[in-house]
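Open the model in your viewer and keep the selection tool at hand. The tour goes from stop to stop, with a short note on what to look for at each one.

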Amino acid sequence: MYKISEIAQILHPNRTFITDPNSFVQHLFYDSRKIAQADNGIFFALQKNRDGHRYIREAYEKGVRNFVLQADEGQEMELLEANILWVADSLVAMQELATFHRQKFDYPVIGITGSNGKTIVKEWLFQLMSPEYKIYRSPKSYNSQLGVALSLWGLSDQYNLALIEAGISEKGEMLRLEQMIKPTIGLLSNIGVAHKAGFKSKEEKIYEKLELFKNVETMIFPNSYLENIQLPYRPRKFSWGLDEGLSLEVYSIKQVNDRFTMVTFYYASRTFAVEVPFVDKGNVENAINCVAVMLRFGYENEVIAARIKELQPVAMRLELKKGKKNSSIIDDSYSNDLDALQIALEFLNQQGQHPFKMLILSDIPGVHIEDEKSLSKLKRLLSEYRLDKLILIGEVLPKVAAQFEVPSISYSDTTAFLADIRSLSFENATVLLKGGREFHFERISQLLVAKSHDTVLEINLNALENNLNVYRQLLPKQVKLMTMVKAFSYGSGSFEIANLLQFNRVDYLTVAFADEGVDLRGAGIKLPIVVMSPDESSFESIVQYNLEPEIYSFRILFSFLNFLKTKQIASFPIHIKIDTGMHRLGFMPDEVDRLIAVLRAEAILEVKSAFSHLASAGNEKDWEFTQGQIDLLDEFTKRLESGIGYSFLRHIAATSGIELWPNAYFDMVRLGIGLYGIDIERHDLPIREASTLKTNVTQIKYLPAGETVGYNRHGVLYRDSKIATIKIGYADGYDRRFGNGVGKMLINGFLVPTIGDICMDMCMLDVTDVEVGEEDEVIVYPDIKSAAKAIGTIPYELLTSISQRVKRVYFYE
Ligand SMILES: *Cc1c(COP(=O)(O)O)cnc(C)c1O
């Protein structure tokens, strides 16, 4: 803990406003939404995707009393009881504080960088070396400029070794990370093949990464990536690879069976072999990196071999699944420590779909609960996140159950809990499962998660968040963002997606029909929701659930007015749709005067926005037409505004408009397909596809030439063939037009064509030339844009056709 007066000395602020110099600081906040308990916290207003200064007030109201701000706007006039430090750059200030904190500890710090494998190597070293060391490690993959500062802040004197990840995306970044981390040992995990945006060449990226090692005493690295590269002068070099003369020579790498790889080493004049419990190249490389680090720390060959053999896969995701009886299950297989618990609880906290929140928690290996600090941190976490019920499993936690504020039930092990599971109710609850590996919580999740067949649509919530930020960055600050969650969020889900958008503070959500809006309200979504196609039968729910209708014609306008009058409701929000050329729904330009007359006469409606839709924003041949639509909206809304005497939001751009037409942003834009990771016009945006449709191979058959496959005998075999049957058909949304080789799927990295007609629940693939086994995973649309093209449609249709029987699984990496 630091006093605010000490922090002021460390940061040299431009100006300070101190009301209580003895105020203690222990927790760093940069996101007001994530503040559950404000005591001893300090809020840094960062200028990242959104300007953190906009949330100072919220942080203050939650009880934060210490602030580091970058914009000096006399905030002390409002934050009367706060301590405020104004600095030139809040992120740099947080980094300076982290740097200062780091320098108080003189135990070894291993800095890990590389294109892949950083997090896995870090988690494995923790598994491998925990028996001897008290290890601190960066939470999750916190490795950015902000992530590293937050990671270092967690160092304390209860540890004697630290593992810190460093990641970069452009030139110049590593220098800042190196100055903060001051690693004593460096590990390069890997260098990827392609060089990313942000670097001119692969060499430039490598030299940037090597900056991390310039002051370490030893750098450990796979030699193959650094041939012909000038290494930093100072450190001792611990290289490994297949060549002779390296610090650690790898004699051979041989796959033993489908689970193990045998790696033979020559080190310090001795040969020894290690069985790595993985067969893929990346994980074998990760394991060898761990061997090298252990040798550098003086471990015996035998100990290394025994521990490597027991390595556990690192699952880095948090999965949200539909549970039985109206429940949601969050399955967190990520490493089990208190920081990871906090991240999972934050995610639980975002879920508003059910009234109850429960946590099933096992003893946490490596966390010594007898230790006062760990116990009080756990107590704090459990009370901060307002749980309704706690189930504790193990020998240790049940003993301290009485000290937690949440009502709890205890079991000595998972089997005892499962024996009792029928007596417990999980109805209407969101349940977080957080268990150490040896507790085998997968047995619990199998019972709680709703069953369905093997075809799943996986939705990557990090990708969605990333895409949202990518489009946000194209927009000037004052432009608002409406996101389209119609058609089950383009196939990807309802409240699951809306929760995330609400958490990320978009301004509006839009659905096609009132029912979709009612579902979102039922799941705790508070954002304004626009309904695009309201009809008379839905007015009741629109009013009852506080939805905002799009009014597109006089017919719907008058019928809505009549409805409101009978209900005696005043100033109800509406959105006026104008037809500027799409010729779908909307008032025609020449109807503006009559519209003004009606709205003036009937003051019970409040126009929140007026908008139109671009018909051909992506087509160069129609640029003049598009400009014409923009001009028409401008004219129409100016007249409307002066006619009704107050202003409202104006908007016309959807994804393609956002990508190509900055002059069409007006006051708000409506993001649809781009949010889900499909760029339609520009290919330079770093967005990622958010959903992946997956299934697996049910059966494999070897058939001679001349046989046929499937209905109507359309799949004729011209050679002896190997055929895989997979569990997806047209009832799942896999279009029949993909049959007979038009559709191509990905198995184990190979692209394979369909053969024969697509059936209702299944289809067949020709896998003659490739390595495939039963139960192997199949990616249905390796490239959704070309798949759409192959059957003459667009990605929108493929996404929204994936049927509701396909289970949706949401995850955070
Ligand atoms: C669907 C829709 C959008 C979003 O379009 P995208 O191309 O998916 O971004 C925007 N506005 C209206 C009126 C829509 O119907």
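This is a predicted model: local features need pLDDT of at least 70, side-chain atom pairs count only at pLDDT 80 or more; totals for chains, interfaces and linings use all residues.

Is Phe 666 buried or exposed? Phe 666 has a relative accessible area of 19%, and the cut-off for buried is under 20%, so Phe 666 counts as buried. Its place is the loop that runs between helix 23 (655-660) and strand 31 (668-671). Look at the backbone here too: phi of Phe 666 is positive, about 45°, although the residue is not a glycine.

Asn 740 sits in the loop between strand 35 (721-726) and strand 36 (744-747). With a relative accessible area of 39%, Asn 740 is partly exposed.

**The ligand**

The surrounding residues are Met 484, Lys 486, Tyr 490, Met 532, Arg 584, His 613, Ala 654, Thr 655, Arg 670, Gly 672, Ile 673 and Tyr 796. Sorted by class, this shell holds six nonpolar, three polar and three charged residues.

- From Lys 486, an N or O atom of the side chain is 2.6 Å from an oxygen atom of the ligand.
- From Arg 670, a polar side-chain atom is 2.8 Å from a nitrogen atom of the ligand.
- From Gly 672, a polar backbone atom is 3.0 Å from an oxygen atom of the ligand.

How much of the ligand's accessible area does the protein cover? On its own the ligand has 390 Å² of accessible area, and the protein covers 93% of it.

Take Lys 486 by itself. This residue lies in helix 16 (residues 486-490) and is partly exposed, at 26% relative accessible area. Leaving aside neighbours within four places in sequence, Lys 486 is in contact with Thr 510, Val 511, Ala 512, Glu 516 and Met 532.

Then move to Tyr 711, which is in the loop between strand 33 (708-709) and strand 34 (715-716). Tyr 711 counts as exposed, with 59% relative accessibility. Which residues does Tyr 711 touch, not counting those up to four places away in sequence? Select Asp 757 and Cys 759 to see them.

Arg 584 is in the loop between strand 28 (572-577) and helix 21 (592-601). Its relative accessibility is 53%, which counts as exposed. Apart from neighbours within four places in sequence, Arg 584 is in contact with Lys 577, Asp 579 and His 613. Both Arg 584 and His 613 are among the residues that surround the ligand.

Met 760 is in the loop between strand 37 (750-755) and strand 38 (763-766), and is partly exposed at 43% relative accessible area. Not counting residues up to four places away in sequence, Met 760 touches Gly 729, Tyr 730, Ala 731, Asp 732 and Arg 805.

**An annotated domain**

Colour residues 690-811, which the unreviewed UniProt entry annotates as "domain: Alanine racemase C-terminal". Over this stretch the chain is 11% helix and 37% strand. Its end C-alpha atoms are 10 Å apart.

**Two helices to finish**

Select helix 4 (residues 118-129) and pick out Glu 123. Glu 123 counts as buried, at 5% relative accessibility. Its side chain makes a polar contact of 3.1 Å with the side chain of Arg 137.

The last stop is helix 5 (residues 145-153). How many of its nine residues are buried? The count is nine of nine, and among them are Gln 145, Ser 151 and Trp 153.

Note on methods:
Residues are numbered from 1 along each chain as its sequence is written. Side-chain values use heavy atoms; hydrogens and water are left out. A residue is near a molecule or strand if one of its heavy atoms lies within 4 Å of it. A polar contact is a pair of N or O atoms within 3.5 Å; within protein, one must be able to donate a hydrogen and the other to accept it, and residues adjacent in sequence count only if both atoms are side-chain atoms. Accessible areas come from the Shrake-Rupley method with a 1.4 Å probe; for residues, only the protein chains shown count as cover. Ala, Val, Leu, Ile, Met, Phe, Trp, Tyr, Cys and Pro count as nonpolar, Asp, Glu, Lys and Arg as charged, and the others, Gly among them, as polar. Helices (H or I, at least four residues) and strands (E, at least two) are DSSP runs, numbered from the N terminus. Buried means under 20% relative accessible area, exposed over 50%, partly exposed in between (1.4 Å probe, protein chains only). Contact means heavy atoms within 4.5 Å. UniProt positions are given in the numbering used here, feature names are shortened, and annotations may be inferred rather than shown by experiment.
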